[in-house]
Amino acid sequence: MSEIIVEKNEDEEGPIPHLWRPIFTEIVSAFVKKDYNISSGIENVSSVSESSAEQIKDYIEDYGEELIELPEETWETSVYICYGEYWNVLIDLWTKSEGLSDLVLNAEVREKNDEYEVKIRLVYVP
């Protein structure tokens with residue numbers, strides 16, 4: 001598979017660029033450990049407010065399934081699209097009993113000093 005690069009395509013969704021995948025893997029790993037405000041810190045990821053962390057926790061708990069680490073298959077269905085100044089990202093989440101679940105992680109990615117900064121928005125069922 002060829003490397004998927006970051007593109008500023010505002011017309012159609014694309015697969016998650018390889019450059020961003022480790023960051024989202026770390027974010028979901030924190031959620032699996034119930035660290036919803038990313039207290040351990042992840043490079044290039046903005047801190048999550050207490051209210052957002054509580055909302056993420058509630059959505060995951062209300063969903064009623066145990067979240068698991070992202071498998072490689074996640075990248076086959078997760079997408080992003082450019083909205084001018086930032087990219088909107090939807091990462092499909094997986095659970096222990098279902099595999100691919102209805103839950104998604106929604107985040108914004110922005111360019112900052114030749115790097116990409118991720119802001120976690122929400123976990124929800126679209």
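1. A salt bridge, as the term is used here, is a side-chain nitrogen of Lys or Arg within 4 Å of a carboxyl oxygen of Asp or Glu. By that criterion Lys57 is bridged to Glu61, with 3.3 Å between the closest N and O atoms, and a search of the whole structure finds six salt bridges.

2. Some words on the basis of this note. The model is predicted, so local features need pLDDT of at least 70 and side-chain atom pairs count only at pLDDT 80 or more, while totals for chains, interfaces and linings use all residues. Residues are numbered from 1 along each chain as its sequence is written, and side-chain values use heavy atoms, with hydrogens and water left out.

3. Lys57 and Glu61 both belong to helix α2, where they are four residues apart, about one turn of the helix; helices (H or I, at least four residues) and strands (E, at least two) are DSSP runs, numbered from the N terminus. On the scale used here, buried means under 20% relative accessible area, exposed over 50%, and partly exposed in between, for a 1.4 Å probe and protein chains only. Lys57, at 26%, is partly exposed, and Glu61, at 44%, is partly exposed as well.

4. Glu66 and Lys96 form another salt bridge, the closest N and O atoms being 4.0 Å apart. This pair links distant parts of the chain, for Glu66 is in the loop between α2 and α3 (74-77) and Lys96 is in the loop between β3 and β4, 30 residues apart. Glu66 is partly exposed, with a relative accessible area of 47%, whereas Lys96 is exposed at 60%.

5. Lys112 and Glu117 are joined in a further salt bridge, with 3.5 Å between the closest N and O atoms.

6. The strands form an open sheet of five, in the order β1-β2-β3-β4-β5 and with antiparallel pairing, where two strands pair if DSSP finds at least two bridges between them. Because β1 (14-15) and β5 stand at the edges with a single partner strand each, one side of each is left without a neighbour in the sheet. Between β3 and β4 the antiparallel pairing runs over eight bridges, and Asn88 has Glu108 in β4 as its bridge partner.

7. Helix α2 lies across β3, β4 and β5, running at about 50° to β5. Axes are lines fitted to C-alpha atoms, for helices over the stretch in contact (heavy atoms within 4.5 Å), and angles run from 0 to 180 degrees between N-to-C directions.

8. The largest nonpolar core has 35 residues, among which Phe24, Ile27, Phe31 and Leu105 touch the most other members; such a core is a set of buried Ala, Val, Leu, Ile, Met, Phe, Trp, Tyr and Cys residues joined through side-chain atoms within 4.5 Å. At least two residues of this core come from each of α1 (21-32), α2 (50-63), β2 (79-82), β3 (87-95), β4 (99-112) and β5 (115-124), and α1 gives the most, with six residues. Leaving aside neighbours within four places in sequence, Phe31 is in contact with Tyr36, Ile38, Ile56, Leu67, Leu105, Ile120 and Val123.

9. Helix α1 also holds Ser29, which counts as buried at 13% relative accessibility. The side chain of Ser29 makes a polar contact with that of Glu69 at 3.2 Å, a polar contact being a pair of N or O atoms within 3.5 Å of which, within protein, one must be able to donate a hydrogen and the other to accept it, and residues adjacent in sequence count only if both atoms are side-chain atoms.
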